[in-house]
Amino acid sequence: MSHYDFSLRQEVLLEKGAAVLGDLFQYQRKNHIDDQRDPISVMFSLIWNAKQDILLANSESELNEIEGQFNLANQFLASIKAS
């Protein structure tokens with residue numbers, strides 16, 4: 001992967017992470033979740049940290065792992081909304 005492609009992937013993941021964080025935040029507000037131990041709050045914290053790690057990543061595999069975390073958070077939130 002070229003340096004340009006790697007940087008572009010980082011940029012795309014930053015946007016994807018922001019979208020996931022936005023969805024989690026909206027769910028927190030809508031459901032009045034203030035407890036930091038609530039699963040939604042924990043997931044928000046994990047995704048926040050993963051988003052910060054994007055710019056520290058040095059390999060494509062690290063970016064794949066971060067994207068996997070974003071995908072998991074989306075699935076988690078979809079499951080909670082469905083129940």
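Predicted model: local features only at pLDDT ≥ 70, side-chain atom pairs only at ≥ 80, totals over all residues.
Residues are numbered from 1 along each chain as its sequence is written, and side-chain values use heavy atoms, with hydrogens and water left out.

The secondary structure of the protein chain consists of three helices and zero strands, where helices (H or I, at least four residues) and strands (E, at least two) are DSSP runs numbered from the N terminus. Along the sequence, the pattern reads α-α-α. Taken along the principal axes, the box filled by the C-alpha atoms is roughly 45 × 20 × 15 Å. Of the contacts with a separation of 6 or more, 64% are between residues 24 or more positions apart, a contact being heavy atoms within 4.5 Å.

Helix α1, which spans residues 3–30, has 28 residues and reaches 41 Å from its first C-alpha to its last, close to the 40 Å expected at 1.5 Å a residue; the expected span is 1.5 Å times one less than the number of residues in the helix. Just after α1, a positive phi of about 50 degrees is found at His32. Helix α3, covering residues 60–82, has 23 residues and reaches 33 Å between its first and last C-alpha, close to the 33 Å expected at 1.5 Å a residue.

Of the 83 residues in the chain, 30% count as buried, that is, under 20% relative accessible area, whereas exposed means over 50% and partly exposed lies in between (1.4 Å probe, protein chains only). The buried residues of α1 include Phe6, Leu13, Leu14, Val20 and Leu24, as well as Arg9 and Gln10, and the buried residues of this helix pack against α2 and α3. In α3, the buried residues are Leu63, Ile66, Phe70, Ala73 and Leu77, and these pack against α1 and α2 (39–53).

The accessible surface of the chain comes to about 5600 Å², of which 53% belongs to carbon and sulfur atoms; accessible areas come from the Shrake-Rupley method with a 1.4 Å probe, and for residues only the protein chains shown count as cover. Tyr4, which is found in helix α1, counts as exposed because its relative accessibility is 58%.
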